[in-house]
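Biologist: Please show me the structure, and then I will ask about it piece by piece.

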Amino acid sequence: MPGERSTIRGREVGRFPGAAPPTRVELTIHKEGEKMQEEGGCRRWFRKMCPCCCKRQNSISYDVTDKLVAPEVPPGPKLEPNGEAKEKKKEKETETEMEEIKLSVCSVDLLSSRTGQNRLEHHTDLYQGDELIIRRGQTFQAELELNRPFNADKDKMHLDLITGPQPLVSKGTHVIIPLVDNLEDERWEAKIVEQNDKKIKLSINSPASAVIGLYGLTVKTSSTKDEAATIHKSDKNIVMLFNPWCEEDTVFLDDEEERKEYVLNDIGRLYYGTEKQIGARTWNYGQFHEGILEACLFILEKSDMPPSGRGDPINVVRVISAMINAQDDLGVLVGNWSGDYSDGVSPSAWSSSVEILRKYLSSRGTPVSYGQCWVFSGITTTVLRCLGIPARSVTNFQSAHDTDVSLTTDVYLDEDMEPIDYLNSDSVWNFHVWNDCWMARPDLPPGHGGWQAVDSTPQETSQGTFRCGPASVNAIRSGQVYLKHDTPFVFAEVNSDKIYWQRNLDGTFSQIHSEKKAVGHHISTKAVGSEERADITHLYKHQEDSEEERIAVENASRYGTKPNVYSAPSAEDVTVEVKMEGEGPKMGADAQLSILVKNMSSEPRKTTLHSQVAVMYYTGVLKGTLKKQQLPVELLPNEEKTIEWLLPYQEYQNQLVDQAALMLTLSGRVSETQQVLANQTTFRLRTPDLSIKPLGDAVVGKEMAAKITFTNPLPRTLKAVVFRVEGLGLQKGHEVVVGDVGGHSTVTLTEHFVPTQPGPRKLVASLDCKQLTQVHGVADIVVLE
């Protein structure tokens, strides 16, 4: 609660490390020959009662029996009046005195080495550092050193784990772990599995519903007598994560190859462009990189979600969706679609989540500038995988943005068939990148678990906050938009129809045309275990024009703001289609497309196509019109015609924005039937890739080089060119200022670096300048030990 906070030994347990001054430990060692202070009687008594807390400074053994050795006596037993040997009596006295010593813990070893059993068994050995990082629902080991041997018959011991500023047993943020004889699943329990004199080894079990985050550990010991417990606090914390390997965890994923891809893979591919020209770039998620786990825990701490809610991945994902953008909660990344990034970094210049998350962490929560959808998605993938939730970045081409919850993409035209700009708030983005995450959905009807759509790009508010999801992909596919969270918005993105409305003379609007295949094409993600693109459109929607797909669309529309939009369809016998050759137009050259018009009737048809090409941001927002044309078309029965359409380089060279995207809009009316023809086609001008060629052998600790080559495709000078180069395990990300690059000139950059980690690595580079964006390249490098 606001204003309430409890602390333990100077550190806020469960808070992000560094939020309060760390615990300080002072150690004094006296060297041989140094004079020690005379020990008083009180200290001798205290050392006898608790030798591990008050050792002699020159002592080697901590065994209290060292102080009870009897003086030498002549050989042979000297019997006491009761007939018992003196040595036997002394042994019994020693045992009795040992039992009377109050049990306490001298030290705790969490066995947290990256190469140790805990980290390996919990699949956390890839995280940097030697903290204990474990996954819930699975046992882990710890070793305790006591001041005397543990007596199971008389001694008592339990462990306390606490997380958050106000830990409570009822909320699952204060966990009391008892000692038991046998471990059972789905419980917090500990069992002694080894005992060697004063050392014991514990096996500790956690439930698969445990709260994730940072825990502080204390051990409490006492005897059967009514005495106050002795408390020992571990100097190391424990980080608990979700567990996709545990069947009882709601994020369980039963395919090992998919777990390797969606949890353990720290490098991926992001897709962009248009549906006919799909581009790909490599992205470093870097979820195991130094400082990233700290940053993810910091994000959770900075959110308003109480620690008790962190056991539910649905809550965690929804909060992360809000916290990755800075729109209303000072989250990680500031969105910017203006084209002016002079006071930050251009969204297209990023190639990694690592630098962004580190900046956010080091600034204690100052949002980083700037991002667009693929950057928001890349960071979301990093954070979810880091916390143990299977996740992937997903790109939807021709992605609708429904602003009025109509579940249709509406285009309003006036009496002369001209767009009414102030009404056309809906848009279709060339592409939009969001995320899928994997989890069960016990809050929904059966069958809606699995992949869930989540979007961190700030578009529309959900319950007052800029966030989206998690929305069941199965629910989206079937049109069950009444299921939470934000399913209607995602449904409209992938499967809404584009409805054209014309204003009547009395000011009302009539529906004049519907386009059923306008949005949701080639939904893409990186394939499991390869660099290929996987098309997952079939997961989000049934096959276009199938009975199932139409039922889903009409079913969804009933829950929108225009439930009666689907009336009897009109006959259509003329079609308009736009085609392009090969991979499409190149940047710096004339753009040429083909318009194919077909008459499928046995009667002649005549129309005039109005063409308009506009520069467009990838979000679907138009910057301005470049060219308008009227194309008269006459068709004989069953005839088809191809019209060549050309946009010269000179007409677009100074008008392009970030993604070099254009939209060609065609509209018309067939004279004989009054059929409305409408088509919108987006395309981009392809940019060249950076060529990266490794030089020399790739060996850990040995210097090597890579040559990066780029040729300017434009007949004009590129101003203030900057290269950004990064390779996880190869070299840290940095900028190289190149300056101006003349028209059609080639620039070559040679990078020298020393690999630090063995195995397959990727060197990623991108080019950033005002005139040319989305230029990047990657080289695969296998580093030997």
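Modeller: A residue is called buried if its relative accessible area is under 20%. Keep in mind that this is a predicted model.

Biologist: How many of the eleven residues of helix α5 are buried?

Modeller: Helix α5 covers residues 292-302 and is mostly covered. Its buried residues include I292, L293 and A295, and the cover over them includes β2, β8 and α6. The number of buried residues in α5 is nine.

Biologist: What is the bridge partner of V108 in β3?

Modeller: β1 and β3 (residues 140-146) pair over four bridges, in the antiparallel sense. In β3, the partner of V108 is L144.

Biologist: What kind of aromatic pair do Y262 and W451 form?

Modeller: The ring centres of Y262 and W451 are 5.0 Å apart, with 90 degrees between the planes. Planes over 60 degrees apart put a pair in one class. For Y262 and W451, that class is edge-to-face.

Biologist: Is W451 buried or exposed?

Modeller: R392 lies over the face of W451, at 3.8 Å from the ring centre. The relative accessibility of W451 is 11%, and the cut-off is under 20%. W451 therefore counts as buried.

Methods:
Residues numbered from 1 in each chain as written. Predicted model: local features only at pLDDT ≥ 70, side-chain atom pairs only at ≥ 80, totals over all residues. Heavy atoms only, no water. Buried < 20%, exposed > 50% of the residue type's maximum accessible area, 1.4 Å probe, protein only. Helix = DSSP H or I, 4+ residues; strand = E, 2+ residues; numbered from the N terminus. Contact = heavy atoms within 4.5 Å. Pairing = 2+ DSSP bridges. Phe/Tyr/Trp six-rings, centres within 6.5 Å; stacked < 30°, edge-to-face > 60°. Lys NZ or Arg CZ within 6 Å of the ring centre and 35° of its normal.
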